[in-house]
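Dear colleague,

Please find below the structure for your review. My notes on the ligand shell and on one strand follow it.

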Amino acid sequence: MRVRNQMKGFGIPITTTFWFCSCFPRSELYWRASHTEDDTGASRLDRFAKNDFDVKYRIRIETGLLQLQHLRRRNGAYSSEWRVNFKLSEMDCQEKLEVPVYTDVDRETFLRDIYPLRRPAVLKRVPLGPCVRAWTVSYLAQKGGDREVKVHVSPEPRMDFLHKNFVYRTLPFDKFIQRAAEAKHSDFFISEDESYYLRSLGEDVRKEPADLRKQFPELAEDFHIPQFFEPEQFFSSVFRISSPGLQLWTHYDVMDNLLAQVTGRKRVVLYSPKDALYLYLTGDKSEVLDIDTTDLQLYPEFVKASRYECILEPGDLLFIPALWFHNTLALQFGVGVNVFWRHLPPESYDKKDPYGNKDPVAASRALQSLERTLGILEELPPDYQDFYARRMVLRIQSRAYLRQTMEASQENLDTA
Ligand SMILES: O=C(O)CCC(=O)C(=O)O
């Protein structure tokens, strides 16, 4: 059952979706109310939800508690059948949305109906070639051969770029595949249950983007790159091979991305570029590593980021538009290939970027000039710095934020 509410009243609308896997009758409740605070400061929302034939659901939310009351009409009057209380954690208040799923999408449909939205989409049954059936562990090891690959090795499945809980090690591809597929290792670097992650690289790792056709020609024959874009937009094709449970931190890339999950299931959580303010960024990465049970004392704004989620099954393709943040969790040992495509004219990108994650040239220049500007502000006393920094924020908002008309925002709320 999905209970969804929209809370307004903080100046900006806040949408909250609650998900319950329970024995309740299957129905979807859409509910709107105003956020108010009583004199104890507790949020209190109390309203009838959608009328559903002769049944009504009544929902009340107080801080940390959601009450659901089921009322049935008998002889013209409603009587309460049962009432359930759910304990809410603050993270339950994060908006949760499903990534839309499309089936049997061809190039024309993709370019007409999906691509222009600039939103993530799961594409099912796009032909990816024989890889979906053929890429077993033994086949990959045999065909991929013993060329050396540099891999991330971590004692914990959640990789932590802040505290660098992983090391880079070099292994022959066939040995790496065998190790990544097993839960316990007899040969290991750190511990017998260490996790592995391969993000394949080009021949000259500093200059050349990865291209499966060059580094793994025999395996590349099995993988048919979906031809949704023009060939000159192609930038790189990258192996993404993970141990079961391996979680990669939330980050963005600057190119459009088709992530093909060839084998194994994977959870992907995405956040819109518009939610960058809530993600505690260090460069292209979010410092929030635990995105499920986040420490909101440490990262209080994180709850405001809307969470888009999907589970990729073997053979699925995920379209990740440039700048959308993504966090991946391998639910099983899995092999993926992601293909980056240029979205902007070629001269917009940094020529020395083999990874597809350096900011576009104009964005880097703007960020550098911001650093210079902040240096100039330091000539003022702190309270003046604060005031002029706020004025600058207002100027940036009015000049550079995408403007959304009042009608468009209302429409979004109505259709959300
Ligand atoms: O699938 C993964 O492991 C990570 C994918 C990713 O980060 C990407 O495609 O940019």
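In these notes, Ala, Val, Leu, Ile, Met, Phe, Trp, Tyr, Cys and Pro count as nonpolar, Asp, Glu, Lys and Arg as charged, and the others, Gly among them, as polar. The model is predicted, so local features need pLDDT of at least 70 and side-chain atom pairs count only at pLDDT 80 or more, while totals for chains, interfaces and linings use all residues. Residues are numbered from 1 along each chain as its sequence is written.

The shell around the ligand holds 2 nonpolar, 6 polar and 2 charged residues. The ligand is surrounded by R240, S242, L248, D253, N257, L259, H326, T328, G336 and N338 (near means a C-beta atom, placed from the backbone, within 6 Å of the molecule). Two or more shell residues come from each of β15 (234–242), β17 (256–263), β23 (325–330) and β24 (334–341).

The protein chain has 9 helices and 24 strands (DSSP runs numbered from the N terminus: H or I of at least four residues, E of at least two). Of its 416 residues, 29% are buried (20 or more other C-beta atoms within 10 Å of the residue's own, with C-beta atoms placed from the backbone).

Strand β22 (residues 316–320) has 5 of its 5 residues buried. D316, L318 and I320 point one way from β22, and L317 and F319 the other way. β22 pairs in the antiparallel sense with β17 over 5 bridges (pairing requires at least two DSSP bridges), and A260 stands opposite L317. Strand β11 (residues 121–124) also pairs with β22 in the antiparallel sense, over 3 bridges, and A121 stands opposite F319.

Yours sincerely

Note on methods:
Buried ≥ 20, exposed ≤ 12 C-beta atoms within 10 Å, placed from the backbone.
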